[in-house]
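Please open the structure in your viewer and keep the selection panel at hand. The tour goes from one selection to the next, with a note on what is found at each.

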Amino acid sequence: MSDTTHAGLTIEITPGVDIPAHLVGEVQSKLAYVDERIRAAEVAPSGDRITLQVQAEEDTPQLQAELDEKVQRVIDTMVKGAFKPKIQVLEDHLQRPTPYNQDPMQELVARGEVSQEATGMFSLGPLVTRLIDYFEDQFLGLADAFDANPYRFPTLIPAKYLERVNYFSAFPHSLSFVTHLREDLDVIDEFAQHAACDQHGLNTPPDSFAQVQALLSPAVCYHLYFSLADQPLPNGRLAATAVGSCFRYEAINLASLERLWNFTMREVIFVGPKDYVLKNRENARQHMSQVLEETGLAYRVESANDPFFIGEFRKQAAFQSAFQLKFEIRARLPFEDSTLAVGSYNYHQDFFGRHLNISLPDGSPAHTGCVAFGLERIAFAFLAQYGLDVRDWPASVREAVHG
Ligand code: ATP
Ligand code: ZN
């Protein structure tokens with residue numbers, strides 16, 4: 001079924017099997033990667049209807065058939081045989097009273113506190129930057145509590161590193177590739193004379209670019225694991241911390257400060273025996289529970305899974321859930337009555353220890369875990385709960401930001 005609007009076409013698809021409530025969000029986010037012509041996608045909360053906004057001149061049976069086939073493929077792969085994970089709630093402070101209930105974006109833009117360069121790319125002004133610095137101070141306090149050593153990592157990550165930890169099959173959709181002009185005088189001259197942007201981007205022919213050797217890094221902790229690869233872990237345990245730019249291409253899901261292509265992550269990372277990693281992950285949660293209470297944030301900590309791509313999703317999400325590998329700090333967004341992950345407590349078992357050959361003194365592979373915070377997101381969630389008027393903020397945040 002379809003009808004034409006001036007913005008394009010609206011196409012409705014009936015899923016071959018109903019999408020259960022716990023998978024509605026996961027399926028919807030994957031529809032962004034189904035076809036370049038899809039401009040918006042929505043799965044009805046009841047899971048029995050999908051509405052696509054499609055950029056196309058005219059509605060044809062062929063267009064419908066192509067989209068239907070791809071969408072059903074996503075649904076079949078993600079839904080069939082999936083079981084409902086039992087959500088474990090470790091902390092629930094979602095009802096903590098907060099004074100604000102608007103979307104802060106409009107006011108942030110109006111005040112010049114946020115300016116958009118392109119989809120998923122934002123510059124931040126002084127108030128938001130100071131607020132992020134305040135949260136960074138809290139995260140550095142967390143790192144100090146574990147005597148974590150500071151590290152700095154590159155923004156680029158070698159393709160061969162990501163290959164070694166199966167990143168290409170787990171998260172292919174969100175990768176950002178880096179290249180440069182081939183080292184060829186003709187190619188470079190040609191580019192210098194003719195490079196120009198049209199509405200789709202640079203007009204440069206693809207064969208002017210060198211083969212991809214590097215990508216923009218999707219996470220911080222991977223760099224630490226790679227630096228420890230193929231050797232025994234010195235002292236048999238390590239606590240580390242680092243902040244870095246991370247990149248995840250989220251297509252039409254990129255929206256305001258909630259979901260960025262280019263964002264910043266602070267991590268506290270533990271490498272060592274299983275007990276050491278799990279105990280520290282739990283201690284970190286308890287430490288952060290006190291910190292977050294002081295910031296006044298309304299949130300809940302609950303079990304979660306990573307956004308694996310379609311083919312990997314069912315198996316990997318079930319695995320993460322069964323072994324309680326991931327817990328997210330989900331802050332309330334009052335203006336849309338939803339929650340947003342502002343951080344996560346992760347345990348990778350000995351996955352990196354095995355794939356990267358990081359060994360403990362007894363010869364067994366090291367276990368790893370990390371506590372990761374999205375800096376733009378935690379600031380955004382705070383502003384969504386407290387607004388831009390610092391007089392309404394909890395005293396500790398107000399004093400830190402305004403002196
Ligand atoms: P893992 O150890 O499982 O690989 P990770 O270290 O990659 O985890 P995530 O849980 O994937 O960490 O991400 C950490 C935090 O980064 C999220 O809770 C969120 O706050 C932030 N984040 C992730 N993706 C985005 C995005 N597209 N835009 C803004 N912030 C993001
Ligand atoms: Zn991590």
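How many residues surround ligand 1, and which are the closest? Bear in mind that this is a predicted model, then select ligand 1 together with its shell: 21 residues surround the ligand, and the closest are Arg-248, Leu-260, Lys-326, Ser-344 and His-348. If you colour this shell by class, you will find nine nonpolar, five polar and seven charged residues.

Next, display the polar atoms around the ligand. Glu-267 places a polar side-chain atom 3.2 Å from an oxygen atom of ligand 1, and at Gly-343 a backbone N or O atom lies 3.2 Å from an oxygen atom of the ligand. Taken alone, ligand 1 exposes 630 Å², of which the protein buries 94%.

Now switch to a cartoon view and select the strands. Strand S16 (262-272), strand S19 (338-347) and strand S21 (367-374) each contribute at least two residues to the shell around ligand 1, and the largest share, five residues, is supplied by S19.

Finally, select helix H4 (residues 126-145) and helix H12 (residues 375-386), which pack with their axes 9 Å apart and at an angle of about 115°. Because of that angle, H4 is roughly perpendicular to H12. Looking along the line between the two helices, you can follow the handedness of the crossing of H4 and H12, which is right-handed.

Notes. Residues numbered from 1 in each chain as written. Chains lettered and ligands numbered in written order. Predicted model: local features only at pLDDT ≥ 70, side-chain atom pairs only at ≥ 80, totals over all residues. Heavy atoms only, no water. Near = heavy atom within 4 Å. Polar contact = N/O pair within 3.5 Å; in protein donor to acceptor, adjacent residues only side chain to side chain. Areas by Shrake-Rupley, 256 points an atom, 1.4 Å probe, with all protein chains shown as cover. Helix = DSSP H or I, 4+ residues; strand = E, 2+ residues; numbered from the N terminus. Nonpolar A, V, L, I, M, F, W, Y, C, P; charged D, E, K, R; others polar. Axes fitted to C-alpha atoms, helices over the stretch in contact; angles between N-to-C directions. Parallel < 35°, antiparallel > 145°, perpendicular 65-115°, else oblique. Left-handed = near helix turned anticlockwise from the far one by under 90°.
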